[in-house]
Amino acid sequence: MSEPTAAGSLHPIRTETTTFHVSSVGPVEVTVRDRDRTRSFLLLHGGGGPATMTGFADLLGERTHSRVLVPTHPGFSGTPKNSALAGVSDLAKAYIAMLDTLDLSDVTVVGNSFGGWLAAEIALQGSPRVSGGVIINGIGIEVDDHPVADVSGLTHAELEARTFHDPRRAPTPSNTGGTAQGPDIPALLGYTGPTMSDPTLAKRLTGIHLPFHVLWGESDRLVTPQYGRAYAAAIPMATFTPLPRTGHMPQVETPEELLGTLLDLAVG
């Protein structure tokens with residue numbers, strides 16, 4: 001049996017900054033990290049920024065020989081943001097415009113945390129370029145008795161304990177001054193608002209008529225598996241799959257296991 005090819009060893013990665021025109025918003029500048037292959041995946045990061053997706057993007061691209069796009073949401077990592085880009089729905093429109101510009105089809109949208117909410121909003125746009133989606137420990141809906149944890153005021157150690165099944169697998173922290181408030185938290189709240197939810201989202205999810213998978217790290221103490229089950233129940237064609245021994249960011253903590261689950265589900 002041959003050994004799998006190490007991620008990142010075969011093909012160069014192209015990073016480009018492009019401006020797309022979005023109706024009702026205007027010009028939106030997006031920086032996209034792109035591995036150009038045949039099948040297409042759009043990977044959407046959460047509040048931790050694009051670094052929480054790039055390693056898994058390399059793994060997904062090399063093992064499946066797919067085209068994998070990892071945009072940096074405007075306003076994250078110091079990138080510019082059009083002031084008219086006011087909410088998650090606006091950002092979803094921007095990414096649909098990006099897919100139109102790139103002339104992509106049969107795109108599977110995969111989002112973690114805030115990116116999961118964004119994946120759902122993209123599906124609700126009804127673009128024929130999107131064929132399905134995956135929500136990984138998403139946020140955005142309101143679930144009685146299972147609120148999204150308030151991370152404000154948590155120390156970095158407390159945040160890691162709630163995020164990871166094994167905090168030793170957490171990446172080296174950036175300089176956050178000893179709190180959970182990293183540089184991308186303001187960018188996140190600029191899209192989600194202080195509650196990081198939309199009271200209309202759960203009802204609107206009934207309008208998604210694409211194959212969707214909701215995957216959930218069972219050790220997530222920021223957004224519980226019960227919340228995830230409610231997410232899946234709100235989407236007509238969704239399945240729910242718990243992921244053992246991993247937390248809020250399976251693509252960071254257990255990327256091989258996450259990829260195996262995606263392949264078992266025949267995603268993409």
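Predicted model: local features only at pLDDT ≥ 70, side-chain atom pairs only at ≥ 80, totals over all residues.

User: At what angle do H1 and H9 cross?
Analyst: Helix H1 (residues 51–64) and helix H9 (residues 255–264) cross at roughly 45 degrees, and their axes come within 10 Å. Helices here are DSSP runs of H or I with at least four residues, strands are E runs of at least two, and both are numbered from the N terminus. Axes are lines fitted to C-alpha atoms, for helices over the stretch in contact, with angles from 0 to 180 degrees between N-to-C directions.

User: Which residues in H1 meet H9?
Analyst: Phe56, Leu59, Leu60, Arg63 and Thr64 do, and their partners in H9 include Pro255 and Glu256. Contact means heavy atoms within 4.5 Å.

User: Changing topic, is Met196 buried or exposed?
Analyst: Met196 is buried, with a relative accessible area of 12%. Buried means under 20%, exposed over 50% and partly exposed in between, using a 1.4 Å probe and protein chains only. Met196 lies in the loop between helix H5 (185–192) and helix H6 (201–204), and its phi is near 50 degrees, a positive value.

User: And what is the phi of Arg245?
Analyst: Arg245 has a positive phi of about 55 degrees although it is not a glycine. Most residues other than glycine have a negative phi. Arg245 is exposed, with a relative accessible area of 57%, in the loop between strand E8 (238–243) and helix H8 (250–253).

How values were computed:
Residues numbered from 1 in each chain as written. Heavy atoms only, no water.
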